[in-house]
Amino acid sequence: MGPITRRSLVTGATAMAALAPLPLRAASPTQPQVGRYRGMREEGVMAFKGIRYGRASRFARAVAEPFIGEAVDATRFGPVCPQRGMADAPQSEDCLFLNVWTPEAHPRASRAVMVYFHGGAYANGSVTDPLTHGGRLAANGDVVVVSVNHRLGPLGYAWLKPLDPRFADSGNLGQLDLILALQWVRDHIAAFGGDPARVMVFGQSGGGAKIATLMAMPAAKGLFHAAATMSGQQVQASGPIHALARTRALMQRLDVSDVESLRTLPIARLVEALDATDPIMGGSVYFGPVLDMTNLPRHPFWPDAAPQSLGVPMILGNVRDETRAFLDPRGPKLAGLSWDNLPARIAAEVKIDLDPQWVVAQYRAQAPAWSAEQVYYAATTAGRSWPGQVIEADARAAAGAEHTWVYQLDRPSPRDPLRGAAHTDDIPYVFGTLDARGSYSGTDAAARKLSATMMAAFAGLARSGRPCGVGRGLPDWAPYRLPQRATMVFDDAPHMADDPRGWQRRIWATAPYVQPGS
């Protein structure tokens with residue numbers, strides 16, 4: 001957990017004040033205990049960190065960790081899955097640990113449970129990020145919050161079955177880890193004050209994609225009762241032919257010819273080899289869920305929404321300026337940007353095959369006052385980061401799913417005006433971690449009010465199966481139906497809008513979308 005600045009909580013009788021994000025508090029010297037786990041007190045709630053939920057050897061399906069035995073210190077996060085760019089956290093293949101924050105560790109409490117899956121695509125990330133610390137959400141949302149680490153990259157998703165039938169589950173081990181964690185929640189969360197009949201999964205970016213994939217996995221059915229995805233979707237999984245080509249590219253980069261050699265390599269070499277070129281997409285090799293016809297017998301949202309997912313109440317959201325987080329306005333990709341080179345710059349970043357000259361002409365006709373830079377970010381967001389969410393929401397609406405709600409975050413960062421409302425910027429609002437390292441939200445009164453509103457909405461979905469927040473700064477949130485496409489716009493004054501970026505949606509809908517990594 002990184003440093004978070006202390007700030008005061010304005011108290012009062014209103015519901016808004018009661019829901020405002022709380023400051024960090026130091027751990028109490030008295031350790032709460034649940035079964036074998038000795039936790040700590042922080043944020044006004046009980047925290048239990050580094051709880052093992054499973055064990056696994058390399059490329060093998062994990063097995064559950066028994067909920068018995070000697071006392072265990074649960075005051076530190078467990079190690080994260082080995083990856084590049086995570087120097088500030090211990091890493092280990094033995095990474096199947098979860099964390100629990102609870103207002104009251106007693107079965108009679110029976111609070112709704114919110115289980116968070118981290119982002120980072122399927123190759124990076126962890127739940128040690130201070131943005132996703134669960135204490136404030138547990139305290140202000142009056143829910144039990146759980147966060148989960150799992151296997152990533154080739155450890156979680158390399159497709160090895162065609163090379164060695166002993167590893168039939170290998171292409172979806174990361175997903176099976178999450179299912180194992182949800183089974184742990186089902187079996188043990190009551191002891192921590194949670195209600196196993198009211199479990200909501202939520203995740204941002206890759207975490208949302210993992211949730212979309214779980215919604216098509218038979219083994220996940222019934223383990224969660226509501227879902228929310230934040231700038232993350234998985235329309236299609238990787239096909240087995242492409243997945244095998246990616247595994248072979250990794251093995252070639254490592255100069256190994258069989259799975260047994262891959263199993264015994266030092267983990268550092270396996271991580272370093274992720275710079276192998278992806279033979280399908282180019283760039284670094286991709287590993288993600290595989291259409292193995294057993295654990296994942298169909299694509300999550302193609303050609304339609306997986307039937308098992310339709311009864312699960314769901315929030316889908318994104319932010320207005322997604323790609324400003326990836327394509328730095330100060331970086332080389334915008335150097336020398338002009339109307340002349342704008343089509344080529346857009347074509348290099350989007351995933352939909354359209355004539356870029358035509359795309360730019362459409363944007364200039366619809367938004368004549370926009371600069372080349374504004375068109376660049378709007379088009380790359382709409383052609384790269386947004387289409388999957390539109391497809392998923394439309395697929396649910398077309399199938400008659402009544403309990404679907406869509407949002408977009410429009411509030412720009414007050415800390416960095418060039419950033420706008422960029423990828424990851426909804427995380428601190430939902431977790432209440434406005435002053436955490438990595439947050440761009442600011443800590444002013446407007447930010448605290450919006451955070452309280454979004455926490456109430458998400459916690460409401462966990463408690464009742466619908467986002468609640470009326471009277472806490474949120475207007476009535478209409479379900480998403482066709483053709484209206486009702487959308488909650490989160491800004492200083494949240495409001496409903498029908499199809500708020502409809503003209504952009506229509507531009508990009510003129511060509512088929514192919515899920516990156518499929």
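User: How do strand β4 and β8 pair, and over how many bridges?

Analyst: In this predicted model, strand β4 (residues 45-52) pairs with β8 in the antiparallel sense, and five bridges connect them. One of the pairings places F97 of β8 as the bridge partner of R52.

User: And what joins β8 to strand β10?

Analyst: Four bridges join β8 to strand β10 (residues 144-148), and these strands also run antiparallel. Within this pairing, N99 stands opposite S147 in β10.

User: How many residues of β8 are buried?

Analyst: Six of the six residues of strand β8 (residues 97-102) are buried, so the strand is largely enclosed by the rest of the structure.

User: Which residues cover each side of β8?

Analyst: F97, N99 and W101 lie on one side, while L98, V100 and T102 lie on the other; all are buried, and both faces of the strand are covered. In a regular strand, side chains alternate between the two faces of the sheet.

User: What is the strand order in the sheet of 11 strands?

Analyst: The order is β3-β4-β8-β10-β9-β11-β12-β13-β14-β15-β16, in an open sheet with mixed pairing. The edges are held by β3 (40-42) and β16 (495-498); each has a single partner strand, so one side of each is left without a neighbour in the sheet. From one strand to the next, the twist averages 25 degrees.

User: In which sense do β14 and β15 pair, parallel or antiparallel?

Analyst: Strand β14 (residues 404-409) and strand β15 (residues 486-490) pair in the parallel sense, over three bridges. Here Y407 has M488 in β15 as its bridge partner.

User: Which helix lies across β13 and β14?

Analyst: Helix α12 (residues 387-398) lies across these two strands, and its direction is at about 155 degrees to β13.

User: Staying with β13, where does N318 lie, and is it buried or exposed?

Analyst: N318 lies in strand β13, which covers residues 314-319. N318 is buried, with a relative accessible area of 1%; this is under the 20% cut-off for that class.

User: What does N318 touch?

Analyst: Leaving aside residues up to four places away in sequence, N318 touches S231, W386, Q389, Y407, Q408, L409 and R501. With R501 there is a polar contact between the two side chains, at 3.2 Å.

User: What separates the C-alpha atoms of N318 and V390?

Analyst: The separation is 10.0 Å, although N318 and V390 are 72 residues apart along the chain.

User: Changing topic, what is the order of the sheet of three strands?

Analyst: The order is β1-β2-β7, again in an open sheet with mixed pairing. Its edges are β1 (33-34) and β7 (72-73), each with a single partner strand, so one side of each lacks a neighbour in the sheet.

User: How do β2 and β7 run, parallel or antiparallel?

Analyst: Strand β2 (residues 37-38) and β7 run parallel and are joined by two bridges.

User: Turning to the loops, where is H133 found, and what does its side chain reach?

Analyst: H133 is in the loop between β9 (111-117) and α2 (135-141). The side chain of H133 reaches the backbone nitrogen of G135 at 3.1 Å. At 2% relative accessibility, H133 counts as buried.

User: Where does D164 lie, and is it buried or exposed?

Analyst: D164 lies in the loop between α3 (153-157) and α4 (173-188). D164 is buried, with a relative accessible area of 13%. The side chains of D164 and R166 are joined by a polar contact of 2.8 Å.

User: Stepping back, how many helices and strands does the chain have?

Analyst: The chain has 15 helices and 16 strands. Buried residues make up 59% of its 518 residues.

User: What share of the contacts joins residues at least 24 apart?

Analyst: The share is 74%, among contacts between residues at least 6 apart in sequence.

How values were computed: Residues are numbered from 1 along each chain as its sequence is written. This is a predicted model: local features need pLDDT of at least 70, side-chain atom pairs count only at pLDDT 80 or more; totals for chains, interfaces and linings use all residues. Side-chain values use heavy atoms; hydrogens and water are left out. Two strands pair if DSSP finds at least two bridges between them. Buried means under 20% relative accessible area, exposed over 50%, partly exposed in between (1.4 Å probe, protein chains only). Contact means heavy atoms within 4.5 Å. A polar contact is a pair of N or O atoms within 3.5 Å; within protein, one must be able to donate a hydrogen and the other to accept it, and residues adjacent in sequence count only if both atoms are side-chain atoms. Axes are lines fitted to C-alpha atoms, for helices over the stretch in contact, and angles run from 0 to 180 degrees between N-to-C directions.
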